[in-house]
Amino acid sequence: MTTTTLTPTSVGLDRSRSGGSVFGALADIWAMTRRNLVHIAREPMQLSDVTIQPVLFTVLFVYIFGGAIALPGGGSYVNYLLAGILALNLVTSVMGTAVGLSTDLHEGMIDRFRTLPMWRSAVLVGRSMADLLTSLLCALIVGLTGLAVGWRPGANDISVLGGFALVIFFAYALTWIAACVGLNAKSPESAASFGFIVLFPLAFVSNAMVPTQHMPGWLQAVAEWNPVSAVCAGTRVLWGNPNPAGALHAWPMQHPIEASLIWSVVLIGLAAPLAAHFFRRRTTE
Amino acid sequence: MAAEIPELMIQAEGLTKRYGETQALAGVDFSVPAGTILGLLGPNGAGKTTAVRVLTTLALPDSGRGTVAGIDVVKHPGEVRRHIGVAAQDATLDPLLTGRQNLVLVGELSDMGRAPARARATELLAQFELTDAADRVLKGYSGGMRRRLDLGAALMTRPPVLFLDEPTTGLDPTSRQRVWEAIRELLGEGVTVLLTTQYLEEADALAHRIVVVDHGKVIANGTPTELKEASRSARLEVSLAAPDTDGRAAGAMAPLVSGRVHVSEDGRRLSAGVDAAPGLATAVVRALDAAGVLVDNIEVRQPSLDDVFFSLTGGHIEGEDEDEAIGSAGGAAAASAGGGGKSAERQELEGVRA
């Protein structure tokens, strides 16, 4: 158009790698992951979900509810709370997966990807990798805020890291459910409503914020079998923090670490292939 | 793939595609020789975008066959994707990335490798006069800038085959000229291009051959010169008080018009292509009067895209297809209204898929 004049022999394929290889697929995933991370950094709402919201929730719950909540069996509320705050933040942030995928499908961007010789599922995997990385950031912020307001784990470093990993793994499993929702949503807005209808009750009808002992009987039963309760209880055990749920008889409360791992593996096992199926269906015409 | 370049870089053979109730493609055939531009011309909803979607592996045809660079689009879509660059009519770039990030992403996903992708992006941004805006987020780009970047994205890997779906729809004349210049430059590089457009002018300016589609069918196939000739002539329409049962009126008009006189089903409306000249209407009325025919109304209309369809189909195809062309009046009116980034056709398709 202006300065650059291409030579007549310039038609040819500028491609350094051969496609279809595992390396090619990994490169595609990495490219898509970076793209999604740029999105999160540029969307104030998405970024605040993993940066400001964790700080806000931690401070609010510790200082507002902290004095009013007595733990069965005693112990400090902030030490009890932090696992719940971590779970609440990570569980609700998977909404970003649903909204992000739905937006990709509706903005025509998916058509661009589909005309490129890329590994198509990199759209899905790149999204979940980006969400995993933001989960790590979110976990770091929750941990630091916790330490600032008086949270003290009572276990060795490996065990504490294991506690973080337990929640992050569960949140990663949930992103595949969110992917299924995003791939079937009529619009990004309806994908967002998934957060309020499913994720918030999931996070709150659990022992994340308060011990379930004070809930009405039927709700207590629901909460005890809610995977979020198992994840929170498991993390409390790994962190060496107060875990009143240990006194409950439900199997997941007696074996919270095993229960959370089972939940996470089952969710991924079901939702990831399903997401791949929905993705193929949505991108075939 | 082998280095051998097939003679016909793009081939569509009897492509059909139905979306719900809409027969988007009803048996489309065309081919594009290597190193040439084919203009696929037609109104909104004619099937242009569907044809492009099938050939770029985005949609599966119900029947028929499509090949790009000699490769079957249904059997080997992955291999086809290694040979094509696509600039779709919808914005298919990432609004949250910068212009440069968009190009590099496309390059990386096309297996270029990061460093070569960055170098190529810089080159294309300069070529399309986007260097100053290169590191701005796409949200702030004008329509023309987006289209140029879209074209740049299509060129990242220097693909031998390019699909440009209405690259200038909705652009102002200046931006349109710049996109045209860019496309012309590609020609010199031996690229094969399939360009869809609603504008006869655009197809004329860029294409070696033009295929006119309407209602999912090819209704004409010719060089721009043939089309231009058809559009240069105006159209004469005469309404009669009584049906022209004996062909007297048509006979009287014949010497004054170019081409055949078309008589409507009820025999009361006659139309034909004419070379607009001063006093033409007067001459026609006199001739009809002399033949004893009562004229209700006479009109000399300037050519529209519709007239082009009519002239072309009237000239080459008899019977059904001609009625098809006449029937397209509404569609052509929509085409000349033009504008608006997302075409009705595309929205319709999305509606069906949703």
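Trainee: At what angle do the axes of helix H5 (residues 143-155) and helix H6 (residues 173-187) of chain B cross?

Mentor: A packed helix pair is described by two values, the angle between the axes and the distance between them. Here the axes of H5(B) and H6(B) come within 10 Å and cross at roughly 10°. The two helices are therefore roughly parallel to each other. That label covers angles under 35 degrees; over 145 is roughly antiparallel, 65 to 115 roughly perpendicular, and the rest oblique. Axes are lines fitted to C-alpha atoms, for helices over the stretch in contact, and angles between N-to-C directions run from 0 to 180 degrees. Helices (H or I, at least four residues) and strands (E, at least two) are DSSP runs, numbered from the N terminus.

Mentor: Some ground rules before we go on. This is a predicted model: local features need pLDDT of at least 70, side-chain atom pairs count only at pLDDT 80 or more, and totals for chains, interfaces and linings use all residues. Residues are numbered from 1 along each chain as its sequence is written, while chains are lettered from A and ligands numbered from 1 in the order in which they are written.

Trainee: Which residues of H5(B) meet H6(B)?

Mentor: Contact needs C-beta atoms, placed from the backbone, within 7 Å. From H5(B) come Gly143(B), Gly144(B), Arg147(B), Arg148(B) and Leu151(B). H6(B) supplies Ser175(B), Arg178(B), Val179(B) and Ala182(B). By class, this contact has 3 nonpolar, 3 polar and 3 charged residues. Nonpolar means Ala, Val, Leu, Ile, Met, Phe, Trp, Tyr, Cys and Pro; charged means Asp, Glu, Lys and Arg; the others, Gly among them, are polar.

Trainee: On to sheets. What is the strand order in the open sheet of chain B that contains E11?

Mentor: Strands pair if DSSP finds at least two bridges between them. The order is E12-E13-E11-E14, 4 strands with antiparallel pairing. Strand E12 (258-263) and strand E14 (295-301) of chain B each have a single partner strand, so one side of each lacks a neighbour in the sheet. From one strand to the next, the twist averages 15°. Strand E11 (residues 234-240) of chain B is joined to E14(B) by 6 bridges.

Trainee: Which residue takes a positive phi in the hairpin of E9(B) and E10(B)?

Mentor: His215(B), with phi near 50°; the hairpin has 2 residues between the strands. Strand E9 (residues 209-214) and strand E10 (residues 217-222) of chain B run antiparallel, joined by 5 bridges. Ile210(B) is bridged to Gly222(B) in E10(B). Asn44(B) lies 171 residues from His215(B) in sequence, yet 9.6 Å away, C-alpha to C-alpha.

Trainee: Is Asn44(B) buried or exposed?

Mentor: Count C-beta atoms, placed from the backbone, within 10 Å of the residue's own: 20 or more others is buried, 12 or fewer exposed, in between partly exposed. Asn44(B) has 22, so it counts as buried. Its place is the loop between strand E3 (37-41) and H1 of chain B.

Trainee: Which residues have the most contacts inside the largest nonpolar core?

Mentor: A nonpolar core joins buried Ala, Val, Leu, Ile, Met, Phe, Trp, Tyr and Cys residues through C-beta atoms within 7 Å. The largest has 157 residues, and Ala87(A), Val91(A), Leu55(B) and Leu194(B) have the most contacts inside it. Helix H8 (residues 157-184) of chain A gives the most to this core, with 16 residues. A second, separate core of 15 residues includes Ala249(B), Ala252(B), Ala272(B) and Val284(B).

How values were computed: Contact = placed C-beta atoms within 7 Å.
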